[in-house]
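The following note sets out a few points on the structure shown below. Each point is kept brief.

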Amino acid sequence: MSEKKNLPQLPQEIPLKNLDLPSLQRKEIYLKVSENDVERQMIDSDFSGMKMTALLSLDPKKYLSCIVDMVSRWRYLLGCMKDVDSKQISIEAKYISSDFGHLTINDLIIAINLYMKQDLDMNYPNYIIFSPLLISQILIAYEKYKRKAYASLIEKAGKILNVPAQVSTDDRVKVMKDL
């Protein structure tokens with residue numbers, strides 16, 4: 001417990017984006033500055049989950065069936081279970097694993113939950129046709145959401161660690177004019 005409170009102070013001149021902190025320490029810092037459960041779930045997923053491409057390389061059948069189950073869950077939650085064949089679900093699962101293999105299984109769960117709550121920055125269709133197009137729209141919107149959340153976490157972590165923010169272009173121009 002005392003390890004969490006005694007985080008080392010970093011030199012002032014190192015920007016936070018370039019920090020090479022051990023994963024556990026970065027995770028603790030991000031969890032400390034996170035403000036909601038979704039951010040905490042994303043952090044846990046990134047630091048403790050394996051990417052889908054890595055899982056598929058270990059045991060393709062087992063983990064592809066896990067992605068198929070996830071697609072079936074998405075279909076159920078969105079009310080798109082009518083007239084579905086296993087070939088269509090298999091194509092959608094392979095699409096996710098090939099184009100979004102850098103995400104974790106937990107990322108898929110978080111993405112569909114955010115979509116269901118309409119927290120993603122995207123156009124929500126009135127009539128849902130479940131296809132790789134909808135899957136990509138949801139996952140791309142989730143990736144944008146995740147990037148914004150991490151940008152906010154990095155900024156907050158920088159304040160806690162007393163790391164100065166990046167110098168803006170306007171400030172650089174002003175300094176150059178003064179010289």
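**Notes on helix packing, a pocket and a salt bridge**

1. The crossing of helices α6 and α8 is right-handed. The model is a predicted one, and the points that follow should be read accordingly.

2. Helix α6 spans residues 86-99 and helix α8 residues 132-160; the two pack at an angle of about 35 degrees, and their axes lie 10 Å apart.

3. On the α6 side, the contact is formed by Glu92, Tyr95 and Ile96, which meet Pro132, Ile135, Ser136 and Leu139 of α8. By class, five of the residues in this contact are nonpolar, one is polar and one is charged.

4. A salt bridge joins the side chains of Lys156 and Glu35, with an N to O distance of 2.8 Å. This pair connects distant parts of the chain, 121 residues apart: Lys156 belongs to helix α8, whereas Glu35 sits in the loop between α2 (23-33) and α3 (37-48). Over the whole structure, the search finds four salt bridges.

5. The second largest pocket has a volume of about 170 Å³. Its lining consists of Arg75, Gly79, Cys80, Met81, Lys82, Asp83, Val84, Gln88, Tyr127, Ile128, Ile129 and Phe130.

Methods. Residues numbered from 1 in each chain as written. Predicted model: local features only at pLDDT ≥ 70, side-chain atom pairs only at ≥ 80, totals over all residues. Heavy atoms only, no water. Axes fitted to C-alpha atoms, helices over the stretch in contact; angles between N-to-C directions. Helix = DSSP H or I, 4+ residues; strand = E, 2+ residues; numbered from the N terminus. Left-handed = near helix turned anticlockwise from the far one by under 90°. Contact = heavy atoms within 4.5 Å. Nonpolar A, V, L, I, M, F, W, Y, C, P; charged D, E, K, R; others polar. 1 Å grid on protein atoms, 1.4 Å probe; cavity = no way out; pocket = protein on both sides within 12 Å on 5 of 7 lines; lining within 4 Å. Points joined across faces, edges and corners; volume = space filled by probe spheres on them.
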